[in-house]
Amino acid sequence: MSGEILDNRGRGSAGWSWPSIHPEGRKFGLIAAALSAGAAFMAWETIAWPLAFLTLGVLAFFRDPVRVTPRDDKFVISPADGLITLIQKVPPPRELCADDGSGVRGMSPEPVTRVSIFMSVFDVHINRSPIAGTIRRVVYIPGKFLNADLDKASEENERQHFLVERGDGVQIGFTQIAGLVARRIVPFVKGGDIVAVGQRVGLIRFGSRVDVYLPAGTEPKVLMGQKCVAGETILAEIGEAPMIEGIGQ
């Protein structure tokens, strides 16, 4: 129909549907289901029922719902589901600023606004790109497994940094941080990949945090204690990048 308003999947209607289970989690669901079925076959009901609930919990943890992402280049979209627990002015991680020998420009070391999103075990743990652009860096750092709610988790915990750059030179850094329960960070992209805003870029297993480093001079549109939805919540609005030699000219 002419003039019909469509979502970003080209549909003119909306409806609820069961979220799919990400392939990364299907093997864990199958293992838990097999153990539950084995316990039931042996008539070990006191074990079978807890394992059945564990199976449902595992499948729920790895759910991968469809998200409808706002389409505007000025928006920085939340890369994670969860609660805004910290908003601070801090220097970006040195791994995103230092010359890594690749010739790719890193972020400025000057302090910027960092928005921290804490994901509980009940949140969706698929992480998404906050802007459209090119993945310039993916840097994995081994570390501890402190409570992801702590500020020092950004520097001491196991983590994985991403740097994505728009075509006009605007850069956004964001970091997946493992927590008390999380024991593996799984990337879906690598350096040089071109991603759309809201595209899945990785996941963290079982409770964790994502830090987003906004461009200099950009103020967040979210508040402490606000609940975010990955791929949908607008964290900030950014303008055009400053003129840089070879970029934006």
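Here are some friendly notes on this predicted model, point by point.

1. **Ground rules.** The model is predicted, so local features need pLDDT of at least 70, side-chain atom pairs count only at pLDDT 80 or more, and totals for chains, interfaces and linings use all residues. Residues are numbered from 1 along each chain as its sequence is written, and side-chain values use heavy atoms, with hydrogens and water left out.

2. **Overall make-up.** The protein has four helices and 15 strands; these are DSSP runs numbered from the N terminus, with helices (H or I) of at least four residues and strands (E) of at least two. Of its 249 residues, 46% are buried, where buried means under 20% relative accessible area, exposed over 50% and partly exposed in between, using a 1.4 Å probe and protein chains only. Among contacts with a separation of 6 or more, 75% link residues 24 or more positions apart; contact means heavy atoms within 4.5 Å.

3. **The eight-stranded sheet.** Eight strands form an open sheet in the order β11-β7-β8-β9-β13-β5-β4-β14, and the pairing is antiparallel. The edges are held by β11 (194–195) and β14 (227–228); each has a single partner strand, so one side of each lacks a neighbour in the sheet. Pairing here requires that DSSP finds at least two bridges between two strands.

4. **From β11 to β8.** Strand β7 (residues 133–141) pairs with β11 in the antiparallel sense through two bridges, and G133 sits opposite V195 of β11. Strand β7 also runs antiparallel to β8 (residues 159–165), with seven bridges joining them; in this pairing R137 has L163 of β8 as its bridge partner. T134 belongs to β7 and counts as buried at 16% relative accessibility. Beyond its neighbours within four places in sequence, T134 contacts L163, V164, E165, G192, D193 and I194.

5. **The annotated serine.** Where does S208 lie? Its place is in strand β13 (residues 208–213). An unreviewed UniProt entry annotates S208 as "active site"; UniProt positions follow the numbering used here, feature names are shortened, and annotations may be inferred rather than shown by experiment. S208 counts as buried, at 0% relative accessibility. Six bridges pair β13 with β9 (residues 171–178) in the antiparallel sense, and A178 stands opposite S208.

6. **The nonpolar core.** The largest nonpolar core has 27 residues, of which V76, I84, I117, V164, V212 and L235 touch the most other members. Such a core is a set of buried Ala, Val, Leu, Ile, Met, Phe, Trp, Tyr and Cys residues joined through side-chain atoms within 4.5 Å. Two or more residues come from each of β5 (112–119), β8, β9, β12 (200–204), β13 and β15 (234–237). Leaving out residues up to four places away in sequence, I84 touches V115, S116, I117, V222, L223, M224, G225, Q226, C228 and L235.

7. **Aromatic pairs.** The count comes to two aromatic pairs; rings of Phe, Tyr and Trp (its six-membered ring) pair if their centres lie within 6.5 Å, with planes under 30 degrees apart counted as stacked, over 60 as edge-to-face and the rest as tilted. The rings of W49 and F53 have centres 6.5 Å apart and planes at 35 degrees, so this pair is tilted. Both W49 and F53 are exposed. The rings of F162 and F174 have centres 5.0 Å apart and planes at 10 degrees, so that pair is stacked. Because F162 lies in β8 and F174 in β9, the pair ties together parts twelve residues apart in sequence. F162 is buried at 0% relative accessible area, and F174 is buried at 1%.

8. The unreviewed UniProt entry gives residues 28–61 as "transmembrane region". In the model this stretch is 91% helix and 0% strand, with its end C-alpha atoms 11 Å apart. G29, in helix α1 (residues 23–41), is buried with a relative accessible area of 5%. G29 touches T55, V58 and L59, not counting residues up to four places away in sequence. G29 and F61 are 32 residues apart in sequence and 9.9 Å apart in space, C-alpha to C-alpha.
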